[in-house]
Amino acid sequence: MSAISEDHLRTVMFAYTKVLSPSAQVIAIFANVLNVITFCQIGLRDSVNITFLLLSISDLVYVALDTCKGIASVIALSPWQNDLPVSMITVGVIIQFYQYIFLDASTCMETYLAITRCCCVAMPLRFKNIFTFQRTVLINAVILMCNTVFRIPILSSYYLTWQTNPFTNLTKLAFYPYSSFQILNFIELVVARTVCPVIVLLISTVCSLILARSLIQASLNRKRMTNVSGYHGDVNKNKNQVLKAKEVQLVKAVTLVIMLLGFLQLILSLFSLAQAAMPELFPGRKYRNLHGVITFVVNHLILLHCAYKIGIYYLFNTRFRAIVKMLFHVHV
């Protein structure tokens with residue numbers, strides 16, 4: 001772990017801050033703005049569409065905050081930043097905890113979507129009465145509120161004060177942590193970054209398995225009924241093939257979302273668990289360079305997670321695809 005030198009860290013930092021991060025941020029912002037416009041065009045009276053819209057907004061806010069944090073980091077590492085009266089490094093640290101609010105809100109919304117898709121197939125007759133528009137808006141509002149309330153203690157563990165650097169003898173306005181920050185940060189790592197992602201992964205996996213089983217069973221029942229009836233054999237055969245193809249597409253879409261979400265949550269859990277178990281992995285400690293490199297990789301994966309969803313919407317949602325094509329036809 002100590003093999004990562006300062007030169008290697010600077011190389012990774014340059015590649016991430018100058019190339020990878022800005023590119024991913026631009027793509028993610030464009031993708032989520034397009035998602036918001038498209039879902040507004042589709043209509044918001046459907047409970048699933050409103051969740052997709054709120055998920056896109058949450059992802060957009062996360063990426064916007066990440067862009068602000070990146071700008072603060074670039075300024076902090078610039079030679080001319082010594083003339084600034086504010087410590088941009090501490091500004092970036094504070095922004096990070098606001099990002100967590102929307103990162104976890106998006107994760108919870110994706111889990112809620114997995115549950116709604118599962119219930120839509122498992123109990124189609126009662127789905128609309130249970131997952132109404134009003135309840136969906138309320139649930140998503142509660143998700144955002146709970147994530148915000150959970151972060152209030154750690155956001156309150158910093159105070160704004162003037163700090164003098166003993167090496168440069170420069171005094172700047174900076175966010176400085178109270179003594180309670182260490183324990184609050186530990187709780188953040190254990191609860192929000194380790195335990196909750198595992199719970200989310202388990203719920204999403206169970207929903208995916210139930211959905212796949214329900215769809216396969218429905219397909220087998222229709223095939224059995226078609227074989228027994230014997231009417232219009234060729235027509236029914238072709239129709240059954242079309243229905244089967246649609247079901248396979250839906251199973252693939254749900255499985256892909258769950259796999260990518262699960263992969264990201266697994267990485268976040270392992271990284272947070274490593275930090276909680278190894279204090280030397282924290283910034284400023286023995287393995288600080290390794291921590292920096294892993295942080296860059298994890299942050300980039302999260303940005304990609306915010307950006308790739310538009311591809312899944314486009315591939316597996318015919319209404320979404322039609323509106324996107326119409327939008328680009330108008331503007332082009």
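The crossing of helices α2 and α3 is left-handed, a crossing being left-handed if the near helix is turned anticlockwise from the far one by less than a right angle, and right-handed if clockwise. The residues in the contact of α2 with α3 divide into 21 nonpolar, six polar and five charged; here Ala, Val, Leu, Ile, Met, Phe, Trp, Tyr, Cys and Pro count as nonpolar, Asp, Glu, Lys and Arg as charged, and the others, Gly among them, as polar.

The model is predicted: local features need pLDDT of at least 70, side-chain atom pairs count only at pLDDT 80 or more, and totals for chains, interfaces and linings use all residues. Residues are numbered from 1 along each chain as its sequence is written, and side-chain values use heavy atoms, with hydrogens and water left out.

**Overall architecture**

The chain has nine helices and two strands, and its elements run α-α-α-α-α-β-β-α-α-α-α from the N terminus on. Helices (H or I, at least four residues) and strands (E, at least two) are DSSP runs, numbered from the N terminus. Of the 332 residues, 40% count as buried, meaning under 20% relative accessible area, with exposed over 50% and partly exposed in between (1.4 Å probe, protein chains only).

**Helix packing**

Two packed helices are described by the angle between their axes and the distance between the axes. Axes are lines fitted to C-alpha atoms, for helices over the stretch in contact, and angles run from 0 to 180 degrees between N-to-C directions.

| Helix pair | Axes come within | Crossing angle |
|---|---|---|
| α2 (residues 47–76) and α3 (residues 88–122) | 8 Å | roughly 160 degrees |
| α3 and α5 | 9 Å | roughly 150 degrees |

The angle of the second pair makes α3 roughly antiparallel to α5; angles under 35 degrees count as roughly parallel, over 145 as roughly antiparallel, 65 to 115 as roughly perpendicular and the rest as oblique. α3 passes α5 in a right-handed crossing.

α3 has 35 residues and reaches 51 Å from its first C-alpha to its last, close to the 51 Å expected at 1.5 Å a residue. The expected span is 1.5 Å times one less than the number of residues. α3 is mostly covered, with 26 of its 35 residues buried.

Helix α5 (residues 133–155) has 23 residues and reaches 33 Å, close to the 33 Å expected. Buried residues in α5 include Thr-136, Asn-140, Ile-143, Asn-147 and Arg-151.
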